[in-house]
Amino acid sequence: MKICRRRLFLFETLLLFLSLIVIEWVLPWQLMRFTDSNPEYSDPLHHFRRQVSGENQLRAVGDAAHSNNNITREVARVKSREEMREEGLARARASMRIAALAGRNLTPPTAHDKDIPAGTVYRNPRLFYRSYLEMEKIFKVYVYPEGDLPIVHDGPCKDIYSIEGRFLHEMEHGVGRFRTNDPTAAHLYFLPFSVTWMVKYLYTPNSYDITPLKHFVSDYVRVIFTKYPFWNKTHGADHFMVACHDWGPYASEGNPFLYNTSIRVLCNANTSEGFNPLKDVTLPEIYLYGGEVSPKLLSPPPDNGPRRYLAFFAGGMHGPIRPILLHHWKNRDNDIRVHEYLPKDLDYYSFMLSSNSNTHRQNKRKFLGMQDYLP
């Protein structure tokens, strides 16, 4: 297996979005479920406290050699780790609220102001900067070790689905500061299967039957929630998958909670195909010829440098919006370069780096950077 060791330039940005979902939604929701007195879902909090403190006896279901006192101490130890995680998230939220107020000029400037990013792309630059710092400080992901190569723990590192494999390899073999081997300390849990490799090894060409993909996902999630307690605590709300293949959303239908509750990081971010912007995350598709990033993209021109074009688009004629775009703008304005298929003598990267706005998606699945998706 070839390990791709070049660090992803989108890796930390994606983790930032995932950490924001955790801080603002997943774990607060989990805590509300934990404290709910509805017996269908959980015990009342005071009942659990009695169990931990020994006011109620804990019954050993597993190994009879362990005494009730040992089990009680083990539950208390795990609970302590969860409490430490919750306290860290509470401090992060408080810090981000202060940064948000500062972003609205309600607090005096600090010594770190020079490091805060600028630009209208940020709704609140101070909040964005603080959330990034908090992510680097506390955010942890647990990668499930279950599964065998090539479908699990591996993925494509070149061609059109390279971002899927790059993320998998960065999580599995990268520097590892966001990965933890202690599942009780994790904020999110990663399901490290590759939908692209499912298509390669499980799908029958030209059959258009993706049932084998759904069965694989169903079986993998079943192994996870049978062996570990974390999936059942939130019905998968603090679990995520990454898929760049178009069939990623359909493969996730193998488990209803993965489809409806878990975080799906998808290149195919079409709401018509099940993408839910309230919980899912978009992932830009990148075409890496031969597995290497173009030197033009590694050394882009300065942000304040001149750009020849106002906007650039290139993509095939499909969906409801593209025909309208091409009808109104194709060959109409030299400042807005709109193409259906880019001629071979023109370079994608040069157009993207020379444009103020890129709404380019695909030309026979070519390069996609940090641009808007058009259906």
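The dialogue below sets computed values against their definitions.

Tutor: This is a predicted model, in which local features need pLDDT of at least 70, side-chain atom pairs count only at pLDDT 80 or more, and totals for chains, interfaces and linings use all residues. Residues are numbered from 1 along each chain as its sequence is written, and side-chain values use heavy atoms, with hydrogens and water left out.

Student: Why is the pair Y142 and Y189 called edge-to-face?

Tutor: Rings of Phe, Tyr and Trp (its six-membered ring) pair if their centres lie within 6.5 Å; planes under 30 degrees apart count as stacked, over 60 as edge-to-face and the rest as tilted. The ring centres of Y142 and Y189 are 6.3 Å apart and the planes stand at 70°, so the pair is edge-to-face. Y142 belongs to strand β1 (residues 141-143) and Y189 to strand β2 (residues 188-190), 47 residues apart, so the pair links distant parts of the chain. Strands here are DSSP runs of E with at least two residues, and helices are runs of H or I with at least four, numbered from the N terminus.

Student: Which aromatic cluster includes these two residues?

Tutor: Y142 and Y189 form one aromatic cluster with Y144, Y228 and F230. The search of the whole structure finds 16 aromatic pairs.

Student: What makes the contact of R177 with E136 a salt bridge?

Tutor: A salt bridge is a side-chain nitrogen of Lys or Arg within 4 Å of a carboxyl oxygen of Asp or Glu. For R177 and E136 the closest N and O atoms are 3.3 Å apart, and the contact is a salt bridge. R177 lies in the loop between α5 (162-173) and β2, and E136 in helix α4 (residues 125-138), so the pair ties together parts that are 41 residues apart in sequence.

Student: Why does R177 count as partly exposed?

Tutor: Buried means under 20% relative accessible area, exposed over 50%, and partly exposed in between (1.4 Å probe, protein chains only). R177 has 37% relative accessibility and therefore counts as partly exposed. E136, at 31%, is likewise partly exposed.

Student: How do you know that K200 sits over the ring of W197?

Tutor: The charge must have NZ of Lys or CZ of Arg within 6 Å of the ring centre and within 35 degrees of the ring normal. K200 lies over the face of W197, at 4.8 Å from the ring centre. R264 lies over the face of Y259, at 4.6 Å from the ring centre.
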